[in-house]
Amino acid sequence: MLDAFIQGLFVVFEWQTFLIMLLGIFLGFWVGLLPGLGGSTTLALMLPFIYKMSPVEAFAFLLGMHSVVSTTGDITSVLFGVPGEGTTAATILDGHAMAKKGEAGRALGAALMSSLIGALVGAFALALAIPVVRPLVLSFGAPELFMLAVVGIAFISSLSGQGGRALLRGFLAGLLGLLFSLVGQDPQAGVQRFTFSQLYLWGGLDLVPVLVGLFAVPEIVDLAIRGTSIAGELPQGNLGRGAWEGVKDTFRHFWLTIRCSLIGTFIGIMPGLGGGVAQWIAYGHAVQSAQDANERSGFGKGDVRGVLGPGAANNSKEGGALIPTIAFGVPGSSAMAILLGAFFMQGLMPGPDMLDKHLTLTFSMVWTMVIANTVTVVLSFFLLNQLAKLTMVPGSILIPFILFLAFIGSYTSNNHLGDLVVFLFFGFLGYLMIRSSWPRAPLVLGFVLGRIAENNFYISTIRYGPSWLLRPVVIILIVLTLLVIVYPLLRFRKGRQAAEEEPT
Amino acid sequence: MKGFLNSRSFLALAGGMIAGYALYASLHWPFKTALFPRVVGIPLLALSLFELVLCMAGVEPEREGHAVDFELAKDIAPGLARRRTVAIFSWIFGFFVLILLCGFPLAVPLFVFLYLRLAGKHGWVLTLLLTLLSWFTMEGLFNRLLHLPFPDGWIFSLWG
C-alpha cells in the first residue's frame, strides 16, 4: 500500500500529467471565481476532453479543476458578497462583513489557509479511509441519514443569535426554509406541491438562484445605500500583512479548523446529503465555539471563525465525497455523479478494483487534491493584493457587474428564465430578512435539509416501521440533536448568570 | 398602529400567510404528501402569529437580541437610504425587464452602460470601456465559448 501511495505521487509529477493538472487548476480557479459558472457544470463540459487521456491524466485534469473551485469561490464570497459557488455561501456571512470593515486581506488569508487545511484533511481522510470506509458507509441507512438531517436542522438554534426573540426568528426562518424545500413533485405519491401549475417548479426550487438572491441582493442594496466602495472609507492597511494575520488566525483556531474539516469530510462521505450542507453545519459549529454571548454577537458581523469553519468544510467534503464514489460507485453529490461518468469513460469500474488493482490511480487522486489546492492557495496569495483592491473600487462601478454575475449565475443553474424570478423573489426576501433582523442561515439550512429529511423519513418508515428509532446510530444521533439544541441555551444562560453576578 | 407598519410585521404576516396557504393546500393531498407540509406549516403559522403580536406590541429592540447576520448601513440619513433603496431595486427590476425584452446578450451591455452613465454618472471613456468589457464577457465567454442557451428577447420574438 505504501508503494502505491508513493507511486501515486510520482505519476502525478510526470510532466505531461502535471501540465494537464495545471490546466485543470487554471480552469477551476476561474470557474470558482465566477458566480455564473458552476463546478459541476464545468466538470460535465470537460468530460469529452478526457477521451484521449490516460486515467491518471484524466483524473488529474478533472480533480485538479474540481477540487479548487470551492477555494476560489470563497474569494468571490468574501470580496463581493456573492457566492462564487453554491458551496461557498456561508463564507459570505463573516468574510464579506470583514471586507466591509477593511479586513479583506485577513478574511482572504483565513479563507485560503482554512481551505488548504480542509483540502489536506479531506485528501488524507480519503487515503486513510480506503481500507475502513465500508462498514461506516454501510452502517448509514435511511434512518441514520434522516437523523443526520435532523442534527443539521437542530443547528438552527446556534445560527439564530442570542435572546429569545432572535431564537424565535431563527426558527421562523428555518421553518420557512423547510417549507420552500417542499416545493415540487412529492416523491412519495407524485403529487404537485406549491407548483402553481408551473412546469418549472415541478423539480423544486434550485439551490443556486435561492442562494444568490438571498445573499447577493441585500449586499448590493447595502452597497448602493452606502454609496461608497465595499470597504467604504476605511484604510486597507497592508494587505499582505492582513493576509498573514488571516493565516495566523487559522492556526490560532487550529482545532476549530480541524473539527470543521472533519465535519466536511464526514458529510462528504454520506451519499445524498449534498455539497451545500457541510458549510452550514460547520458554520453552526463555529458559532457554537464562542465562549460567551458577547463573543457570539460578533458572528455575522466579521468574526474570523465564521470564515474558517465553512472555508475548511467546503474543501474537505470533496475528499470525503470521493470515498463512496471510488469504493462503491455511489456518488455523494452531483459533481461526483459526473466524475463517476469519467470512470466509465476511462473503462474503470469503481469498487474493489480501485482499492486493489488500480490503487496507484486512487492514490494519484489523493495527491492531485493535495497538489491542486496547494498550487491554488500559493497562487491566490500572490494575487491577493490585486484581488483585495477590488473592495476599494467604487460601488457604482461594481454594482452593474455584480448584478450581471448574479443574474447570469442564477440563470445558468437551469438555463430557464424562471431562475431569474426565483432569484428576484429570494433577493427581496433576503433584504426583508436583513431589515427585520431575521437570520438567513437557518433558512438555507432548512432549505438544503428539508427534502433529505422527508425522503429518508419515508424510506425509514416504509422499510423498518417505527423500529428504526431504536437503531444504535439513530439513538446516538438523537442524543447529539438534543445536545446541539441544549448546549447554546445552557451557554447563553451561564453567560447571563455570570454577567449578573459581575460587580457593577 | 405605527408598530404594525414596518418590515418586521410584514415579514411575520407573510410567514403566517405562507403557512396558512400551505396548510390549506395540504387539505387536498393524500396523507403522506401532506404530512411534512403540515408538520412544518403548523409551527410556522403559530410562531409567525406570535412574532406578529410581539411586533404589534412594540417589544423594545434591546430585548430582541442579535441575529447571526450583517446589518444594513445605519449611518446614512433615513430619507436618503430609502431613496437609494427604491432606486437600486428599480435598477434590479429594470435589468430583469431588459433581459426579458432584449435577451441576455444585449441586455447585459445595455444595462452596464445605462447604470454607469445614469446612476454612477461616470465619464464616457470609462463607461464605454466597461460596457465593452461586459459585452466581451457575455459574448465571448458565455455565448461563444460555453454556448449557453440564451432565449431571444420578447422584442425579437415579436419581430420574428
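This is a predicted model: local features need pLDDT of at least 70, side-chain atom pairs count only at pLDDT 80 or more; totals for chains, interfaces and linings use all residues.
Residues count from 1 along each chain as written, chains are lettered from A and ligands numbered from 1 in the order written. Local features need pLDDT of at least 70 and side-chain atom pairs pLDDT 80 or more, while totals for chains, interfaces and linings use all residues.

User: What percentage of chain A counts as buried?

Analyst: Buried means 20 or more other C-beta atoms within 10 Å of the residue's own; exposed means 12 or fewer; partly exposed is in between; C-beta atoms are placed from the backbone. Of the 504 residues of chain A, the buried share is 62%.

User: Which helix of chain B supplies the largest share of the side that touches chain A?

Analyst: Contact means C-beta atoms, placed from the backbone, within 7 Å. By that rule, 55 residues of chain B meet 64 of chain A. Helices H1 (7–26), H2 (31–57), H3 (78–102), H4 (104–119) and H5 (124–145) of chain B each give at least two residues to that side; helices are DSSP runs of H or I, at least four residues, and strands are E runs of at least two, numbered from the N terminus. The largest share, 12 residues, comes from H2(B).

User: How many nonpolar residues are in the contact of H3(B) with H4(B)?

Analyst: The two axes come within 8 Å and cross at roughly 150°; axes are lines fitted to C-alpha atoms over the stretch in contact, with angles from 0 to 180 degrees between N-to-C directions. Residues of H3(B) including B:Trp91 and B:Phe95 meet residues of H4(B), among them B:Leu110 and B:Phe111. Nonpolar covers Ala, Val, Leu, Ile, Met, Phe, Trp, Tyr, Cys and Pro; charged covers Asp, Glu, Lys and Arg; the others, Gly among them, are polar. The contact has no polar and no charged residues, and its nonpolar count is 12.

User: Is A:Asn415 buried or exposed?

Analyst: A:Asn415 sits in the loop between helix H19 (395–411) and helix H20 (418–435) of chain A. Its phi is positive, near 55°, though it is not glycine. Because 12 other C-beta atoms lie within 10 Å, A:Asn415 is exposed.

Note on methods: Two residues are in contact if their C-beta atoms, placed from the backbone, lie within 7 Å.
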